[in-house]
Amino acid sequence: MSFDNLCKLLSEKHPETFASWVLGTPQTTVKVLKTELSIEPIRADYVTFLQLEGRILHLEFQTKLESIPPLPLRMLDYWVRLYRLYRLPITQVVVLLLPPAPGTIIETAFTVENTRHEYRVIRMWEENPEQFLHDPALLPLAPLTATTQPQQLLQRVVQQVSQVEPTQRPEISAYTQILAGLKYRKDLIRQLFREGMMRESVIYQEILAEGEERGEQRGEQRERSLILRQLQRRVGELPKDISDRLNTLSLEQLENLGEALLDFTSLADLLLWLDTH
C-alpha cells in the first residue's frame, strides 16, 4: 500500500475526525462519497470526498508535488466534476506529507489568464503534533508533524500507540510505522516500537509477574513456556528440532525473541530469526 493510499484509507475509516481536523471545527455528520467521477470517468486513487452538511470536502494526500497532470490543474478538474455532480460548495485541501526540495514553490491555485481556482495546502511538517498524539485516528500521522527533536517525537508516538485500546493497537501501530518510514530510519522505527509495545504487552507483564512470584529460575521457565505458547499461536505447531533449539537459548536471547514476536506471521519468520541470532 502506498503512503498516499494509506492516508486515504485512514480518512475514510475516520471521516468525522479528519474533517474536524482539516476544517478546524467539529464535524458530526459526514458521509464518504464514491471516488469515481463522471464525464469520462476517472478514478481518484489518493483522494477522499466527504459530504458534510451543505458542503463537499475534497482531501488529497500527496508525498510529492510533481504529477501529471499538474496538481493545480487536477484540483480544478476535480472541483468542476464534483460541482457538476453535487451542486454544493466544495472545500479542497491538499495534505502534503513531506516537505519538497528547498526553493520549491508550493502552489495553492490554478491560474491561466482570467481563470483562477484556489485550494488549501496543509504542510504536515508544520502541524502541531499534540492533536495527532492524543487522537488514535490521527496518531499514524503524528511522526510527520513539526518537531526540532525527531527521535523524541517518535518516542512519544510509540508511547501513545502503546496506550491505545488493545483491540485497535496492532492496526494503529502498523499504520503508524508505515507512515513513520517516510521520515525515520527503519531500524530506529522497529527498535522503538518493539521496545514500547513489549513493555505494554500481556506477555511481558506476565513474565515479570511470574519472575517476582516464583523467583528467577521458575520465572525463566515460565518465560520459556509463555513464549512457546505465543509462538504456536502465531506460527502454528513447532517441529521438535525447532523446540530443541529454543530450549538452548539463553535468558537474554529469550527476551529478544519475546520482543520480536509481534513481527512474526509464519514459521519462516521464526526460522529467519533463529538463523540470524
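Student: Which residue has a side chain that meets the side chain of Glu-130 in a salt bridge?
Tutor: A salt bridge is a side-chain nitrogen of Lys or Arg within 4 Å of a carboxyl oxygen of Asp or Glu. Here the N to O distance is 2.9 Å, and the residue that meets Glu-130 is Arg-156.

Student: How many residues apart are Glu-130 and Arg-156?
Tutor: Glu-130 lies in helix α4 (residues 129–133), while Arg-156 belongs to helix α5 (residues 150–162). Helices (H or I, at least four residues) and strands (E, at least two) are DSSP runs, numbered from the N terminus. The pair links distant parts of the chain, and its residues are apart by 26.

Student: What kind of model is this?
Tutor: Residues are numbered from 1 along each chain as its sequence is written, and side-chain values use heavy atoms, leaving out hydrogens and water. Local features need pLDDT of at least 70, side-chain atom pairs count only at pLDDT 80 or more, and totals for chains, interfaces and linings use all residues, this being a predicted model.

Student: Is Glu-130 buried or partly exposed?
Tutor: Buried means under 20% relative accessible area, exposed over 50% and partly exposed in between, using a 1.4 Å probe and protein chains only. Glu-130 has a relative accessible area of 33%, so the word for Glu-130 is partly exposed.

Student: How many salt bridges does a search of the whole structure find?
Tutor: One of them joins the side chains of Glu-12 and Lys-8, at 2.7 Å from N to O. Glu-12 and Lys-8 are separated by about one helical turn, because they sit four residues apart in helix α1 (residues 3–13). The total for the whole structure is seven.

Student: Which residue forms a salt bridge with Glu-60?
Tutor: The closest N and O atoms of this pair are 2.2 Å apart, and the partner is Arg-74. Glu-60 lies in strand β5 (residues 55–62) and its partner in helix α3, so the pair ties together parts that are 14 residues apart in sequence. Both residues are buried, and the name you asked for is Arg-74.

Student: Beyond its neighbours within four places in sequence, with which residues is Arg-74 in contact?
Tutor: Contact means heavy atoms within 4.5 Å. Arg-74 is found in helix α3 (residues 71–86) and has 14% relative accessibility, so it counts as buried. The residues in contact are Glu-60, Gln-62, Ser-67 and Pro-69.

Student: How many degrees lie between the ring planes of Phe-18 and Trp-21?
Tutor: Rings of Phe, Tyr and Trp (its six-membered ring) pair if their centres lie within 6.5 Å; planes under 30 degrees apart count as stacked, over 60 as edge-to-face and the rest as tilted. The count comes to five aromatic pairs. Phe-18 and Trp-21 make an edge-to-face pair, 5.9 Å centre to centre, with an angle between planes of 75 degrees.

Student: Which helix holds both Phe-18 and Trp-21?
Tutor: Both of these residues are buried. They lie three residues apart, about one turn of the helix, and that helix is α2 (residues 15–23).

Student: Which residue forms an aromatic pair with Phe-49?
Tutor: The pair is edge-to-face, with 6.1 Å centre to centre and 70 degrees between the planes, and the partner is Tyr-78. Phe-49 lies in strand β4 (residues 47–52) and Tyr-78 in helix α3, so the pair ties together parts that are 29 residues apart in sequence. Phe-49 is buried, with a relative accessible area of 0%; its ring partner is Tyr-78.
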